[in-house]
Amino acid sequence: MKIVTEAAERIKRLEVQGATNVALTAVKALVEQMDVSGADNRDSVLAELAKAKTILFKTRETEPFMRNAIIYIERTLRNSDLQTLEELRSLAQEVSDRLFEEFFQCRKRTAEIGSKRIRPGYRVLTHCHSSAVKMVFKEAVKNGTDFEVIITETRPKYQGRITARELVELGVKTTMIVDSAVRSFIKDTDLVLVGSDAITSEGNVINKIGSSQVALVAHEARIPFYVVTELLKFNPLTIYGDYETIEERDATEIWENAPEKLNIRNPAFDVIRRDYIHGIVCEEGIISPHSVTEVIRRRYPWVLEPLGILPS
Ligand code: RUB
C-alpha cells in the first residue's frame, strides 16, 4: 500500500489541500496502487481496494467528493464479473479516466457560468483556497473583465496565501485581510464567492472554517454570496439523517507551544446555512440550494445507489 499510504500522508499534512485536489489525488493513488499490486485473484484485488479505501477515507473526514469517487470505482469493479487483476485494473483505469474527463468538462462549464457573475469593476471577496473559485477568476481574466479580489488570510493554515499568490500571478489586483476584518470590508464588496467541501441534502454547504461567518456578514450587508462547486461534493448519507462529519485538526496548528492546560479547538470547516446562499454555481448552472438533491438524482443517480448511501 506504499502509493496509497504516501498519498494519504500528503493529504493529511495538507500538502494536498482543497476538496477537489484531495479527491483527484486519492483516485489517482488508488489506481496506481493497483498497477503494482501482486494480488492473484479477484477477492484479493477487492480486499486490497477496500483497505486502500479505508486509508484514504481516514485522511480527511469532510470530503464526500473523494468518498463518492472511490465508492463509484469500487462498486463498478465489484459489480463486474471480471476475475483477474489485469482485467480489474484496466476497468479501474477506465472508470477513473471517465471521472477525470467529466470533472474537467464540469469545471470548464462552472468557470464559464461563474465568471459571468463578475461584472467589470467588481470587488469580489473570497475565503480560503478553492480551485473552483480560482477557475472562475481565471475565466473572468480571460474574458477581459477588470475586477479586484479581497482575500482573507484564512487561519490557522493560511490557505488565503495560496489564493493570493495565484491571483497576483493572474495579474488581479488583490488585497489580503485578516479573517476578522471581513465585516469591515464587506461594504466595499460586490460579490462573495467561496468553494465547498460538502453539500447536504438540505442544500447547506460545508466549507473552510469561517465561511459561515462570511456568509452571515454578507447576508447582513445584502451582498450576494455564491458557492462554486462540483455537485459530486454532495453527501448522500445526509438524506438519511446523517450529519457530515466536521474534521477537527491538531491544536498545534493554532498555537505550537501553548500553555499545557489550555484547551484549544480547531475545527477545519463550518456549515453555511442555505438561507445565506444566493446560488450554487456548478456544472448544472446556477442552482438554488433547495434543488440540490433533485439535481443530484437526475445528474448523478449513481451517487444515491445503495452501496453508496447505506450506512455500513
Ligand atoms: C479548503 C477549502 C476549500 C474547499 C473547496 O480547505 O475549504 O474552499 O475544499 O476547494 P483545506 P476546491 O485547505 O482544509 O483543504 O474548490 O479546490 O475543491
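This is a predicted model: local features need pLDDT of at least 70, side-chain atom pairs count only at pLDDT 80 or more; totals for chains, interfaces and linings use all residues.

Visitor: What makes asparagine 204 count as buried?

Guide: Buried means under 20% relative accessible area. Asparagine 204 has 16% relative accessibility, so it counts as buried. You can find asparagine 204 in the loop between β5 (198–199) and β6 (205–208).

Visitor: Which residues does asparagine 204 touch, leaving out those up to four places away in sequence?

Guide: They are Ala198, Ile199, Val271, Ile272, Arg273 and Arg274. With arginine 274 there is a further detail: its backbone nitrogen lies 2.9 Å from a polar atom of the asparagine 204 side chain. The cut-off for a polar contact is 3.5 Å, and 2.9 Å is within it.

Visitor: Why is proline 120 called exposed?

Guide: The word exposed is used for values over 50%. Proline 120 has 67% relative accessibility, and therefore it counts as exposed. Proline 120 sits in the loop between α5 and β1 (123–126). Not counting residues up to four places away in sequence, proline 120 touches Thr145 and Asp146. From proline 120 to lysine 134, 14 residues away in sequence, the C-alpha atoms are 17 Å apart.

Visitor: And what makes phenylalanine 104 partly exposed?

Guide: Its relative accessible area is 48%. Phenylalanine 104 is part of helix α5.

Visitor: How do you know that the chain agrees with a compact globule?

Guide: For 312 residues, a compact globule would have a radius of gyration near 20 Å; the chain has 20 Å, so the two agree. Along the principal axes, the C-alpha trace spans about 60 × 50 × 40 Å. Among contacts between residues at least 6 apart in sequence, 75% join residues at least 24 apart.

Visitor: How many helices and strands does the chain have?

Guide: There are 11 helices and 10 strands. The domain assignment gives domain 1 (2–105) and domain 2 (109–307). To the contact, domain 1 brings 21 residues and domain 2 brings 30 residues. Taken over C-alpha atoms, the domain centres are 26 Å apart.

Visitor: Which residues have the most contacts inside the largest nonpolar core?

Guide: Leu56, Leu77, Val192, Phe225 and Tyr300 do, in a core of 67 residues. Helix α5 (residues 85–115) supplies the largest share, nine residues.

Visitor: Why is this core said to lie between domain 1 and domain 2?

Guide: Both domains give residues to this core, so it lies between them. There is also a second, separate core of 18 residues, which includes Ile118, Ala132, Val136 and Leu167.

Visitor: Back to tyrosine 300: which residues is it in contact with, leaving aside neighbours within four places in sequence?

Guide: Tyrosine 300 is in contact with Glu102, Cys106, Leu231, Leu232, Glu283 and Val295.

Visitor: To finish, how much of the surface comes from carbon and sulfur atoms?

Guide: The chain exposes about 15000 Å², and carbon and sulfur atoms supply 49% of it.

Notes
Residues are numbered from 1 along each chain as its sequence is written. Side-chain values use heavy atoms; hydrogens and water are left out. A nonpolar core is a set of buried Ala, Val, Leu, Ile, Met, Phe, Trp, Tyr and Cys residues joined through side-chain atoms within 4.5 Å. Buried means under 20% relative accessible area, exposed over 50%, partly exposed in between (1.4 Å probe, protein chains only). Helices (H or I, at least four residues) and strands (E, at least two) are DSSP runs, numbered from the N terminus. Domain bounds come from an automatic or database domain assignment. Contact means heavy atoms within 4.5 Å. A polar contact is a pair of N or O atoms within 3.5 Å; within protein, one must be able to donate a hydrogen and the other to accept it, and residues adjacent in sequence count only if both atoms are side-chain atoms. The radius of gyration is taken over C-alpha atoms; the globule rule is 2.2 Å times the number of residues to the power 0.38. Accessible areas come from the Shrake-Rupley method with a 1.4 Å probe; for residues, only the protein chains shown count as cover.
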